[in-house]
Amino acid sequence: MDAFYEEDERIVGHAADSYHRIDIRRTSRHLVVRSGDRVVADTTRPLVLYESGFAPRWYAPREDVDASALTPVEGRTFCPYKGLAGYYDIAGARRAAWSYDDAYAEVRRISGLVSFEPDIVEVHLDGVRQSLEPGQNVVPHGVDRNLTLDETTAGEQP
């Protein structure tokens, strides 16, 4: 067997849970991300993504991120709710940030923005350092098997 299907649509990764919810909100809170003494991101216009069962994730516009601090890494992961994610190392910290360059239509607002892992780099919101509570971290399923963007969007309708 090479793939899973629901009706005529291919399921990439794992099937979506119909009770899973994602909400994205604009905010003017001050988000600062640091790696040691270096400021990696500084914005007062982040988006916050609330996803069932996970800690809120803060996304910074690329214009407010020091791109020279991000080193793209090999391998992507797939989320059935958001799409294909690419990752970045920051000063030797592995996969400290990620981005959905072409997020699914339902969450298009986060396309191209960058989010940061608060247990790997320092993520401060209004001066308060963020940390994940037990159970709020994502259990990685590993790097997906060379998925392409075309493959992940094959079942989407225009």
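**Note on the predicted model: loops, cores, rings and a sheet**

1. Start with a loop. Ala 91 sits in the loop that joins strand S9 (83-90) to strand S10 (93-99). This is a predicted model. The backbone at Ala 91 deserves a look: phi is positive, about 45°, although the residue is not a glycine. Most residues other than glycine have a negative phi. Ala 91 has 71% relative accessibility; the cut-off for exposed is over 50%, so Ala 91 counts as exposed.

2. Asp 126 belongs to the loop between strand S12 (122-125) and strand S13 (128-129). Is Asp 126 buried, partly exposed or exposed? Its relative accessible area is 42%, so Asp 126 is partly exposed.

3. Next, the largest nonpolar core. This core holds 20 residues, and the members touching the most other members are Val 33, Leu 70, Ile 90 and Phe 116. Which elements give two or more residues to it? They are strand S4 (31-35), strand S5 (38-43), strand S7 (57-60), S9, S10, strand S11 (114-116) and S12. The biggest contribution comes from S10, with 3 residues. In soluble globular proteins, nonpolar side chains tend to be buried together.

4. Leaving out residues up to four places away in sequence, Ile 90 touches Ser 35, Val 40, Ala 69, Leu 70, Ala 96, Ala 97, Phe 116 and Val 121. Two of these partners, Leu 70 and Phe 116, are named with Ile 90 among the core members that touch the most others. A separate core has 17 residues, including Leu 49, Phe 78, Tyr 104 and Leu 113.

5. Now the aromatic rings. How many aromatic pairs are there? The count is 2. In one, the ring centres of Tyr 59 and Trp 98 are 6.3 Å apart and the planes meet at 90°, so the pair is edge-to-face. Tyr 59 comes from strand S7 and Trp 98 from strand S10, so this pair ties together parts 39 residues apart in sequence. Both Tyr 59 and Trp 98 are buried.

6. The other pair is Phe 78 with Tyr 104. Their ring centres lie 6.3 Å apart with the planes at 70°, so this pair is edge-to-face. Phe 78 is in strand S8 (residues 70-79) and Tyr 104 in the loop between S10 and S11, so the pair links parts that are 26 residues apart in sequence. Phe 78 has 12% relative accessibility and counts as buried. Tyr 104 is buried as well, with a relative accessible area of 8%. Phe 78 and Tyr 104 are both among the members of the 17-residue core.

7. The charged end of Arg 95 sits over the ring of Tyr 87, 4.4 Å from the ring centre.

8. Last, a sheet. Four strands form an open sheet in the order S5-S4-S12-S13, with antiparallel pairing. Which strands stand at the edges? They are S5 and S13; each has a single partner strand, so one side of each lacks a neighbour in the sheet. S4 and S5 pair over 5 bridges, in the antiparallel sense. Ser 35 has Arg 38 of S5 as its bridge partner. Ser 35 is also one of the residues that Ile 90 touches.

Note on methods: Residues are numbered from 1 along each chain as its sequence is written. This is a predicted model: local features need pLDDT of at least 70, side-chain atom pairs count only at pLDDT 80 or more; totals for chains, interfaces and linings use all residues. Side-chain values use heavy atoms; hydrogens and water are left out. Buried means under 20% relative accessible area, exposed over 50%, partly exposed in between (1.4 Å probe, protein chains only). A nonpolar core is a set of buried Ala, Val, Leu, Ile, Met, Phe, Trp, Tyr and Cys residues joined through side-chain atoms within 4.5 Å. Contact means heavy atoms within 4.5 Å. Rings of Phe, Tyr and Trp (its six-membered ring) pair if their centres lie within 6.5 Å; planes under 30 degrees apart count as stacked, over 60 as edge-to-face and the rest as tilted. A charge sits over a ring if NZ of Lys or CZ of Arg is within 6 Å of the ring centre and within 35 degrees of the ring normal. Two strands pair if DSSP finds at least two bridges between them.
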